Amino acid sequence: SLNPAQGNMRGVDEVIEALRPSVEAVTGPTRVTFLRLAGGPPTSKPINVKVRGDDFERIRAAVADIQAFLDSKPEVFDVSDDEARGQLEYRLRTDFDALNRAGVDAATLARTLRILVDGEVLTSFQDRGEKVEIRLKTDDIAHHDVSRLLEFTLPGAGGEDVPLSTLLEPTVERGAGNIRHYNFRRAITVVGDIDTEVTDTVTVNNDIREYWDGIRDRHPGISLDFTGVLDDIQESLDAIGQLFLLGIGLIYLILGTQFRSYFQPLMILSSIPLAFTGVVIGLMLSKTPLSLFTLYGVVALAGIAVNSAIVLISAANARLDDGYTVLHAIVYAARRRVVPIMITSLTTIAGLFSLATGLGGRSLLWGPVATSIVWGLSISSLLTLFFVPILYRQFMRRSHRVRNVHGRRSH
């Protein structure tokens with residue numbers, strides 16, 4: 001665990017790079033990877049490629065080529081896969097030619113091996129509500145010495161004893177620790193990290209696609225599935241878009257009910273694009289990258305930025321109902337409400353300023369959210385005082401509110 005970053009303290013990436021030579025120099029481990037914890041989203045590594053197929057040997061060959069390609073790129077590091085090698089297995093393969101010469105049925109051979117190793121369930125019954133199986137098996141010869149299995153004999157076609165050693169080919173191999181599937185096919189996932197100052201996720205994944213197109217013919221029956229951080233980003237963007245549209249719709253319904261108008265809520269919502277302009281300008285000036293957390297701040301900003309326009313138009317409507325002209329009403333509202341609008345915006349900005357600038361410690365999670373709100377609110381508050389009055393004057397010239405006021409005055 002690291003203390004909050006401040007002053008000249010090293011960052012997480014610097015600490016990892018300082019540890020890497022010493023850790024990789026330790027003898028013994030067959031694989032060394034570093035996992036940089038993140039608050040999410042996305043939580044997956046930038047490189048997350050699922051190599052899918054039906055034969056594990058072909059899948060491993062494709063994985064080896066992809067890992068060799070990634071290892072050759074200096075901007076990619078901590079390349080690994082999720083295949084876990086299991087324990088040693090004693091495998092018995094049937095010699096069907098010897099089986100035919102001896103006249104032994106394959107089903108009989110399989111049943112004999114099952115009885116010798118695990119036993120065969122003959123029947124079952126219920127005892128006090130629990131199922132009890134009756135299993136037929138030999139003495140635990142396999143538990144003492146697996147090789148003794150091959151000494152067991154079966155009757156041949158001529159009545160002679162046929163040892164299992166003449167019918168089976170034993171091998172000792174390391175088995176698979178896990179068998180993973182993705183979309184109904186076996187898969188091994190290749191993961192890796194990247195140096196974000198040199199490249200980005202999209203570029204690296206496109207390089208992998210181009211490399212795979214060149215070696216696809218060497219790996220028949222193998223396909224790649226690019227998931228991981230790209231899917232996380234797309235899923236988050238879709239959710240943000242839906243929430244943003246829902247928020248805009250609720251704001252419009254509330255404002256339409258309050259102002260009893262179809263057009264005035266649209267004038268108020270026009271301050272949201274002004275806030276987005278402020279976010280873009282702020283990110284460029286502060287050199288803050290556009291991230292999902294920044295977009296979360298943009299969604300929150302949509303509900304904050306409309307406050308200034310609400311105060312401005314509400315004051316203009318009050319003056320308009322008192323008999324003022326449209327121009328006089330909006331100018332009066334802008335002059336009378338400029339101080340309350342600026343004070344309201346400044347208090348919000350002041351409350352988030354330390355979090356946005358990182359005073360007392362920078363937050364990777366909430367820092368970008370506060371940055372987008374501070375910059376967006378700063379620019380939108382100023383632009384609202386000029387842009388909204390222009391819209392108000394243009395839209396309200398032929399408004400029913402103006403006609404009703406003029407009708408009462410003529411009467």
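**Close-up views of a predicted model**

**View 1. E17 and R20 form a salt bridge, with 3.1 Å between their closest N and O atoms.** A salt bridge here is a side-chain nitrogen of Lys or Arg within 4 Å of a carboxyl oxygen of Asp or Glu. The model is predicted, so local features need pLDDT of at least 70 and side-chain atom pairs count only at pLDDT 80 or more, while totals for chains, interfaces and linings use all residues. Residues are numbered from 1 along each chain as its sequence is written, and side-chain values use heavy atoms, with hydrogens and water left out. E17 and R20 are three residues apart in helix α1 (residues 12–24), so about one helical turn separates them. Helices (H or I, at least four residues) and strands (E, at least two) are DSSP runs, numbered from the N terminus. R20 is buried, at a relative accessible area of 10%, whereas E17 is partly exposed, at 41%. The cut-offs are under 20% relative accessible area for buried, over 50% for exposed, and in between for partly exposed (1.4 Å probe, protein chains only). E17 and R20 belong to a salt-bridge network that also holds E24 and D78. By the salt-bridge rule, the count comes to 15.

View 2. D78 is part of strand β2 (residues 76–81). Its phi is near 55°, a positive value in a residue other than glycine. Most residues other than glycine have a negative phi. With a relative accessible area of 8%, D78 is buried.

**View 3. The side chains of D65 and R218 meet in a salt bridge of 2.9 Å, N to O.** D65 lies in helix α2 and R218 in the loop between α6 (201–215) and β11, so the pair ties together parts that are 153 residues apart in sequence. Helix α2 covers residues 56–71. D65 is buried at 17% relative accessibility, and R218 is exposed at 53%. The two side chains also make a polar contact, that is, a pair of N or O atoms within 3.5 Å; within protein, one must be able to donate a hydrogen and the other to accept it, and residues adjacent in sequence count only if both atoms are side-chain atoms. Leaving aside residues up to four places away in sequence, D65 touches Y211, I215, R218 and H219, where contact means heavy atoms within 4.5 Å.

**View 4. D207 and K73 form a salt bridge, the closest N and O atoms being 3.4 Å apart.** The pair links distant parts of the chain, with D207 in helix α6 and K73 in the loop between α2 and β2, 134 residues apart. K73 is buried, at 15% relative accessibility.

**View 5. Strand β1 (residues 47–53) is mostly covered, with seven of its seven residues buried.** I47, V49, V51 and G53 point one way from the strand, while N48, K50 and R52 point the other way. Strand β1 runs antiparallel to strand β10 (residues 185–194), with seven bridges between them; two strands pair if DSSP finds at least two bridges. N48 has V191 as its bridge partner in β10. Four bridges join β1 to strand β11 (residues 223–226), also antiparallel, and there K50 is partnered by D225.

**View 6. The largest nonpolar core has 26 residues.** Such a core is a set of buried Ala, Val, Leu, Ile, Met, Phe, Trp, Tyr and Cys residues joined through side-chain atoms within 4.5 Å. Among those with the most contacts inside this core are M267, I313 and Y392. Two or more residues each come from α7, α8 (264–269), α10 (292–321), α11 (326–357) and α12 (367–395). Helix α10 gives the largest share, eight residues. Beyond four places in sequence, I313 touches F259, Q264, M267, I268, V388 and Y392. Another core, of 22 residues, lies apart from this one and includes A62, L70, V190 and I194.

**View 7. The 16 residues of helix α9 (residues 271–286) should span 22 Å at 1.5 Å a residue, which agrees with the 22 Å between its end C-alpha atoms.** The expected span is 1.5 Å times one less than the number of residues. The buried residues of α9 include S271, L274, G278 and G282. G282 has a relative accessible area of 0%. Its C-alpha atom is 5.2 Å from that of W375, 93 residues away along the chain. Just after α9, K287 takes a positive phi of about 55°.
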